[in-house]
Amino acid sequence: MAHMVVLNTVRDADPEGSGGSFGAGFGAAAAEPPGLNLNDPAVLRCLLEQTPTPTALVEGEAGLCSFSNAAFRALGVVAGAPLTSQFPAVSSSLLAAARRGGAQREAAARDGDRFWEVRATPMLGVNGLVRALIVTVEETPDSAAEQERHMRELSHRVKNTLQLVSSLLTLQTLGSKDPEVRRALQSAGGRIGIVTQAHQRTHAALRGDDLDVAGHLRDLCGELEATLPGARRIRVEAEPTSLPVDSVIPLSLIVNELVGNAAKHAYGPEEPGGIEVSLGRAADGRRRLVVSDQGRGLPDGLDVARAATLGLKMVRAFAGQLKGVLRAETGQAGTRLIVELPG
């Protein structure tokens with residue numbers, strides 16, 4: 001297990017004349033061995049250079065690394081650049097918090113696939129001002145595997161719970177004699193199924209922050225196509241689009257509702273026609289999800305931004321969760337329902 005010590009100095013005014021040298025901030029030892037002066041910066045520099053613990057001296061608010069010992073240089077940290085840019089596990093926010101409020105600790109700072117426990121402790125000069133931060137970083141080599149194990153376990157539990165809910169809804173559907181209740185339960189079961197599928201697809205991306213949803217959208221629409229009334233075909237055009245993993249489920253439910261509405265209401269029972277789903281960027285840089293058809297258009301007076309139907313209420317709610325807005329465009333060529341998402 002590797003250990004790392006980083007010294008982050010802040011050059012404050014020193015009216016009491018304690019000096020600006022690296023060794024002065026430590027103060028004199030209570031009892032020094034004969035012939036050894038621990039206030040000598042050369043002695044401390046030699047100790048830091050030879051220690052197996054990676055150690056660096058970082059100065060100023062910008063965190064510029066002015067010294068790194070051999071062990072730290074082996075990790076790619078060199079003098080002349082900010083430490084936080086060379087070793088992202090040490091964050092600027094943690095250092096700033098330590099300067100303001102005392103010792104800080106971050107249990108699982110990430111640097112690629114490696115995780116570190118970071119500690120930052122301010123070191124005060126004789127005038128009471130923060131002259132430096134002593135930052136230690138302890139690598140936890142098993143943390144990445146341990147985190148993935150926990151995530152897999154959590155994902156499995158979530159999937160089991162969703163499948164249990166789906167099974168209960170199916171049993172209630174089979175036990176109901178009221179056609180309206182049966183339709184409502186079937187619709188709820190379908191939505192749970194969409195959540196389950198989206199959860200399974202995002203599980204592989206749990207270690208990342210973002211997911212390219214283009215492939216997910218094509219798979220989702222392929223599955224929806226098999227369940228649509230009237231054998232409607234769904235054509236998908238999706239540019240590579242990265243979204244946060246936690247956006248995939250609400251986006252999937254939006255697509256499910258809009259595609260389902262188009263399949264039920266855009267065409268007559270024997271009337272041909274398909275549905276198009278597209279995802280890409282608009283000219284203003286925002287992401288845009290569009291579900292369109294070539295059917296009869298929206299009913300007169302229907303405002304999708306205020307409609308009280310459950311499906312459109314859900315779409316608006318999930319669009320809001322994604323900080324997006326739902327709007328509609330109608331004309332002779334049918335209806336386009338558009339969800340504008342932040343860039």
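Predicted model: local features only at pLDDT ≥ 70, side-chain atom pairs only at ≥ 80, totals over all residues.
Strand β2 runs antiparallel to strand β3 (residues 64-68), to which it is joined by 4 bridges. Within this pairing, A56 has S68 of β3 as its bridge partner. The hairpin formed by β2 and β3 has 4 residues between the strands, and G60 adopts a positive phi near 80° there.

The side chain of Q86 takes part in polar contacts with the backbone of two residues. A polar atom of this side chain lies 2.8 Å from the backbone nitrogen of V78, and the side chain also reaches the backbone oxygen of A81 at 3.1 Å. When residues up to four places away in sequence are not counted, Q86 touches C65, G76, V77, V78 and A81.

Charged pairs were examined next. Side chains of opposite charge can pair when their charged atoms come close. Across the whole structure, the search returns 11 salt bridges. One of them links E340 and R327, with the closest N and O atoms 3.0 Å apart. Because E340 belongs to strand β13 (residues 334-341) and R327 to strand β12, this pair ties together parts that are 13 residues apart in sequence. The two partners fall into separate accessibility classes: E340 is buried, at 7% relative accessibility, whereas R327 is partly exposed, at 30%. Another salt bridge is formed by R336 and E329, whose closest N and O atoms are likewise separated by 3.0 Å. Here R336 is partly exposed at 34% relative accessibility, and E329 is partly exposed at 32%. Through shared partners, salt bridges join R288, R327, E329, R336 and E340 into one network.

A further salt bridge connects R286 with D284, the closest N and O atoms being 2.8 Å apart. In this pair, R286 has a relative accessible area of 37% and is partly exposed, while D284 is partly exposed at 47% relative accessibility.

Two surface features complete the description. A nonpolar patch is formed by L164, L168, L171 and L174, which together present about 440 Å² of accessible area. Of these residues, L168 is located in helix α5 (residues 143-175) and counts as partly exposed, at 47% relative accessibility. Elsewhere, K323 occupies the loop between α9 (310-321) and β12 (325-331). The phi of K323 is near 60°, a positive value in a residue other than glycine. With a relative accessible area of 68%, K323 is exposed.

Definitions and conventions
Residues numbered from 1 in each chain as written. Heavy atoms only, no water. Helix = DSSP H or I, 4+ residues; strand = E, 2+ residues; numbered from the N terminus. Buried < 20%, exposed > 50% of the residue type's maximum accessible area, 1.4 Å probe, protein only. Patch = residues over 30% accessible without salt bridge, like charges linked within 9 Å, V, L, I, M, F, W, Y side chains within 5 Å. Areas by Shrake-Rupley, 256 points an atom, 1.4 Å probe, with all protein chains shown as cover. Salt bridge = Lys/Arg side-chain N within 4 Å of Asp/Glu carboxyl O. Polar contact = N/O pair within 3.5 Å; in protein donor to acceptor, adjacent residues only side chain to side chain. Contact = heavy atoms within 4.5 Å. Pairing = 2+ DSSP bridges.
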